[in-house]
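Hi there,

Here is the structure I promised to pass on.

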Amino acid sequence: MTTDEVLAEVGPRLRRLRKEREVTLAALSESTGISVSTLSRLESGLRKPSLELLLPIAQAHQVPLDELVGAPPVGDPRVRAEPIVRHGRTFWPLTRQPGGLQAFKVLVPRSDEEPEPRTHEGYEWLYVMSGRLRVVLGEHDVVMAAGEAAEFDTRVPHWFGSTGEGPAEFLSLFGPQGERMHVRARPRKG
């Protein structure tokens, strides 16, 4: 919708709101300090709405300014990514822009697959949400439980998957080399 189209709808919206509230032009003029003729021209579209005119009208009607100008509704903030299934694992992309930092929710089903460590450029951060996740990183072979996190340079041979006990669900943040995630830990009380 163009600016002119939005502005053209303001007048009828103002008239409708005033009539719904059973307020006369004279009463609105008294409460806003705007002349009756200006209010009439505003409602009929003969005068373009301005902030100086709309603010007192919004205050008089006790409505947000957005309601007077018909601001578009705010979009749904939820991420509704389609899951991707690769090698039996389900990935939900949580970021939409290509390149830079990428976030995924990952579900690893129960399996007895053997680790096949791989390397590539980048840096990764994992956070286990549920289940137990086996992580092989270089010479280390560890099992992470819900609430545990790990971060590593992906040039180190790594693999993560099922412990064989059940599924695991985790968040993965992956960034190009040099983009490290930083977690601030509270110092231990000694």
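Below are my notes on the fold, the sheet and the aromatic side chains.

First, the ground rules. This is a predicted model, in which local features need pLDDT of at least 70 and side-chain atom pairs count only at pLDDT 80 or more, while totals for chains, interfaces and linings use all residues. Residues are numbered from 1 along each chain as its sequence is written, and side-chain values use heavy atoms, with hydrogens and water left out.

The protein has five helices and nine strands (DSSP runs, H or I of at least four residues for helices and E of at least two for strands, numbered from the N terminus). Along the sequence the pattern is α-α-α-α-α-β-β-β-β-β-β-β-β-β. Of its 190 residues, 30% count as buried (under 20% relative accessible area; exposed is over 50% and partly exposed lies in between, with a 1.4 Å probe and protein chains only). For contacts (heavy atoms within 4.5 Å) between residues at least 6 apart in sequence, 60% join residues at least 24 apart.

Now the sheet. Six strands form an open sheet with antiparallel pairing, in the order β1-β2-β3-β9-β4-β7; two strands pair if DSSP finds at least two bridges between them. Its edge strands are β1 (84–86) and β7 (149–153), each pairing on one side only. Five bridges join β4 (residues 123–130) to β7, and these two run antiparallel.

On to the aromatics. The whole structure holds four aromatic pairs (ring centres of Phe, Tyr or Trp, its six-membered ring, within 6.5 Å; planes under 30 degrees apart are stacked, over 60 edge-to-face, the rest tilted). F91 and F104 make an edge-to-face pair, 6.4 Å centre to centre with 85 degrees between the planes. This pair links F91 in β2 (residues 89–93) with F104 in β3 (residues 102–108), 13 residues apart. F104 is partly exposed, at 23% relative accessibility. W125 and Y127 are stacked instead, at 6.2 Å and 10 degrees; W125 is buried at 15%, whereas Y127 is partly exposed at 30%. F152, F160 and F170 form one aromatic cluster.

Two charges also sit over rings (NZ of Lys or CZ of Arg within 6 Å of the ring centre and within 35 degrees of the ring normal). The charged end of R86 is over the ring of F91, 6.0 Å from its centre, and K105 lies over the face of W92 at 5.0 Å.

Best wishes
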